[in-house]
Amino acid sequence: MILKQISLRKKGTFDPNRTPAALPDRNLQLGVEWRLNIVGGMLLKGNMITNALVGEHSAFLTVFNQIERLLPRLSRLEEVKMLAELVEGSLLEHASKEESLASVALEHVPKDREVVASLHQDHHEIDHLLALIKSADGVATGRQFLKAALEASCKHFQWEEKLLFPLIEKTLKRGTASA
Ligand SMILES: [Fe+2]
Ligand SMILES: [Fe+2]
């Protein structure tokens with residue numbers, strides 16, 4: 001359905017110059033436009049995007065290893081909080097890209113909605129572990145939460161590379177073939 005809408009748009013049935021009055025719900029129209037652009041781009045770049053995400057995992061793992069080595073030497077909770085902030089900030093954009101990609105690629109496939117839900121759940125759990133560090137009662141607890149967040153992230157990356165990304169690539173490929 002979405003693919004058909006894209007091809008219709010390419011033939012010029014969508015007029016971006018129509019006034020808001022001609023569009024009953026301009027916000028809805030803009031939302032549809034955004035999604036079509038994303039889907040169109042992803043059909044072409046699905047593999048490139050997942051490859052880039054795998055590359056980001058490698059970079060994260062290198063940093064996580066360094067943090068795990070440093071952790072036992074940290075004696076102040078403030079130091080643990082700073083590292084947690086660094087991890088949180090780095091993961092934020094990465095997770096957002098994954099959620100957009102998974103949502104657009106898989107949300108119209110009912111049997112894959114559980115996978116999208118698992119993605120959100122994992123991200124939420126990692127965020128929660130990192131947030132707990134902000135209210136930790138001491139450096140030892142802070143270190144434990146940060147270690148748990150890093151371990152949960154590593155496990156999550158493996159799940160994405162083994163299950164989520166291949167599923168997204170397969171779905172986008174199937175969508176392109178049936179367009
Ligand atoms: Fe993720
Ligand atoms: Fe990821």
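1. A helix, as the word is used here, is a DSSP run of H or I that spans at least four residues, and helices are numbered from the N terminus. In this predicted model, Gly-142 lies in helix 5.

2. The confidence of the prediction deserves attention before any detail is read. The mean pLDDT of the protein is 81, and 72% of its residues reach 70 or more. Helix 4 has the highest confidence, with a mean of 97, whereas helix 1 (residues 2-10) has the lowest, at 35. Across residues 1-30 the pLDDT is below 50, and this stretch makes 14 contacts in the model beyond near neighbours in sequence. Where pLDDT is low, the predicted coordinates should not be read in detail.

3. Is Gly-142 buried or exposed? A residue counts as buried if 20 or more other C-beta atoms lie within 10 Å of its own. Gly-142 has 25 such atoms within 10 Å and is therefore buried. Leaving aside neighbours within four places in sequence, Gly-142 is in contact with Leu-77, Val-80, Lys-81, Ile-133 and Ala-136. Its C-alpha atom is 7.9 Å from that of Leu-132, a residue ten places away in sequence.

4. Ala-148 also has its place in helix 5, which covers residues 139-177. Ala-148 counts as partly exposed because it has 16 C-beta neighbours inside 10 Å. The C-alpha atoms of Ala-148 and Ile-126 are separated by 8.5 Å, although the two residues are 22 apart along the chain.

5. Which residues have the most contacts inside the largest nonpolar core? They are Ala-84, Leu-130, Ile-133, Leu-146 and Ala-149, in a core of 13 residues. Helix 3 (77-106), helix 4 (113-134) and helix 5 each give two or more residues to this core. Ala-84 touches Leu-130, Ile-133 and Leu-146, if residues up to four places away in sequence are not counted. Another core, of eleven residues, lies apart from the largest one; Leu-101, Ala-105, Leu-106 and Leu-164 are among its members.

6. The packing of helix 3 and helix 4 may be considered next. Two packed helices are described by the angle between their axes and the distance between the axes. The axes of helix 3 and helix 4 come within 10 Å and cross at roughly 165°. Angles over 145 degrees count as roughly antiparallel, and helix 3 and helix 4 are therefore roughly antiparallel to each other. Their crossing is left-handed. Among the residues that make the contact are Val-80, Ala-84, Val-87 and Leu-91 of helix 3, together with Leu-119, Ile-126, Leu-130 and Ile-133 of helix 4.

Notes:
Residues numbered from 1 in each chain as written. Chains lettered and ligands numbered in written order. Predicted model: local features only at pLDDT ≥ 70, side-chain atom pairs only at ≥ 80, totals over all residues. Buried ≥ 20, exposed ≤ 12 C-beta atoms within 10 Å, placed from the backbone. Core = buried A, V, L, I, M, F, W, Y, C linked by C-beta atoms within 7 Å. Contact = placed C-beta atoms within 7 Å. pLDDT = per-residue confidence, 0-100. Axes fitted to C-alpha atoms, helices over the stretch in contact; angles between N-to-C directions. Parallel < 35°, antiparallel > 145°, perpendicular 65-115°, else oblique. Left-handed = near helix turned anticlockwise from the far one by under 90°.
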